[in-house]
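Subject: Structure for your review

Dear colleague,

Please find below the sequence and structure that I am handing over to you. My findings follow directly after them.

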Amino acid sequence: MNLAKFDNFYYRYKGNEEYALNNINLNIEDNENNIILLCGETGSGKTSLIRCMNGLIPQFYAGFYKGKVYIQGKDTTETPIADLSTEVGIVFQNPENQLISMNVEHEIAFGLENLGVPPKEISYRIKESASLTEIEHILDKAPFELSGGEQQRVAIASILVLEPKILILDEPTALLDPYMARKIINLLQEIKGEKNITVLISEHRLDLILPFTDQLILMKNGGVIEHGSCEKVINGKNFQNLRLNKPVIYSIFSKLKKENLYNKNIPTSIPEAIKSLKM
Ligand SMILES: Nc1ncnc2c1ncn2[C@@H]1O[C@H](COP(=O)(O)OP(=O)(O)O)[C@@H](O)[C@H]1O
Ligand SMILES: [Mg+2]
């Protein structure tokens, strides 16, 4: 079954003339255990696409829509947001807006308590997700006392405990310094390995995320212009033409290709580049 499926979906926010999402057709397959990167210029519709995946669009945001979005076969216009949230865990852009409890442990327990999970199971799941996100030492702190990187980890942990099929993060490193950003990306890679879930991430720091990306979704002007394997998409014209901060390694190898000094696929990481040059 499809994890998420968009069928000719259009959406525009109330008061806007333009469609934020313009005829989206997209399939995200289940059990792919992939990191999927959502990529596009600012305003291209990434956040809006993510808001569709737990029904916030069209149920919470006022606006006009056409077409369908299904999450695990469930129509998102008819399924309560609370039900979709157990399948799709979303960490939105400003984690501090999402953190509402007096301490981190309660924050993580909150969603599980609402779902009526037994206390024993709750404490087991908190331990597990706190250990994975490395926040065991701050469980009794208040979320507002934490650094941006810690808040981001807590936000991720509080979603992970719900054991979603797909974890979605909207620009999780936007507010972090390069060191913390790298740690968050490494964490996502670990989560993918340990939890066997699909991770969908909207992220501008392509240099950090591309080496771990399995699939790429490119957005432009509210439309999905390409969806495929990372290798295929970054070697195509659509990626080349997007106005994004390309990774250094991409820029070097595409230049070499242009000058006919290199004729293989553009690599996404230094180890891959070395491998490709040795072949
Ligand atoms: N809450 C909102 N109300 C009205 N318009 C919005 C809202 N959120 C986004 N938009 C508009 O929708 C379009 C797509 O934005 P967005 O999905 O945030 O793109 P991205 O995440 O790629 O930057 C933009 O034109 C933006 O101004
Ligand atoms: Mg956005």
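Which backbone nitrogen does the side chain of N103 reach at 2.9 Å? One such atom is the backbone nitrogen of E105, and the side chain of N103 also reaches the backbone nitrogen of H106 at 2.9 Å. Please note that this is a predicted model.

The setting of N103 may be described as follows. The residue lies in the loop that runs between α4 (95-98) and α5 (104-114). Leaving aside residues up to four places away in sequence, N103 touches L139, D140, K141, A142 and P143.

I turn next to ligand 1. There are 13 residues around ligand 1, and N16, G43, K46, T47 and S48 come nearest. Helix α1 (residues 46-52) gives the most to this shell, contributing four residues.

- N16: a polar side-chain atom lies 3.1 Å from a nitrogen atom of ligand 1.
- R51: an N or O atom of the side chain is 3.2 Å from a nitrogen atom of ligand 1.
- Y13: an N or O atom of the side chain is 3.4 Å from a nitrogen atom of ligand 1.

How much of the area of ligand 1 does the protein bury? Taken alone, the ligand exposes 560 Å², and the protein buries 64% of that.

The remaining findings concern the nonpolar cores. The largest of them has 57 residues, and I156, L167, I191, L216 and F239 are those with the most contacts inside it. Helix α8 (residues 178-195) gives the most to this core, namely seven residues. Why does the core lie between domain 1 and domain 2? Both domain 1 (1-87 + 169-178 + 197-226) and domain 2 (94-163) give residues to it, so the core lies between them.

Not counting residues up to four places away in sequence, F239 touches C39, L206, L210, L218, V233, I234, K246 and Y250. Another core, of 28 residues, lies apart from the largest one; M53, V69, I90 and I217 are among its members.

Yours sincerely

Methods:
Residues numbered from 1 in each chain as written. Chains lettered and ligands numbered in written order. Predicted model: local features only at pLDDT ≥ 70, side-chain atom pairs only at ≥ 80, totals over all residues. Heavy atoms only, no water. Core = buried A, V, L, I, M, F, W, Y, C linked by side-chain atoms within 4.5 Å. Buried < 20%, exposed > 50% of the residue type's maximum accessible area, 1.4 Å probe, protein only. Helix = DSSP H or I, 4+ residues; strand = E, 2+ residues; numbered from the N terminus. Domains from an automatic or database assignment. Contact = heavy atoms within 4.5 Å. Near = heavy atom within 4 Å. Polar contact = N/O pair within 3.5 Å; in protein donor to acceptor, adjacent residues only side chain to side chain. Areas by Shrake-Rupley, 256 points an atom, 1.4 Å probe, with all protein chains shown as cover.
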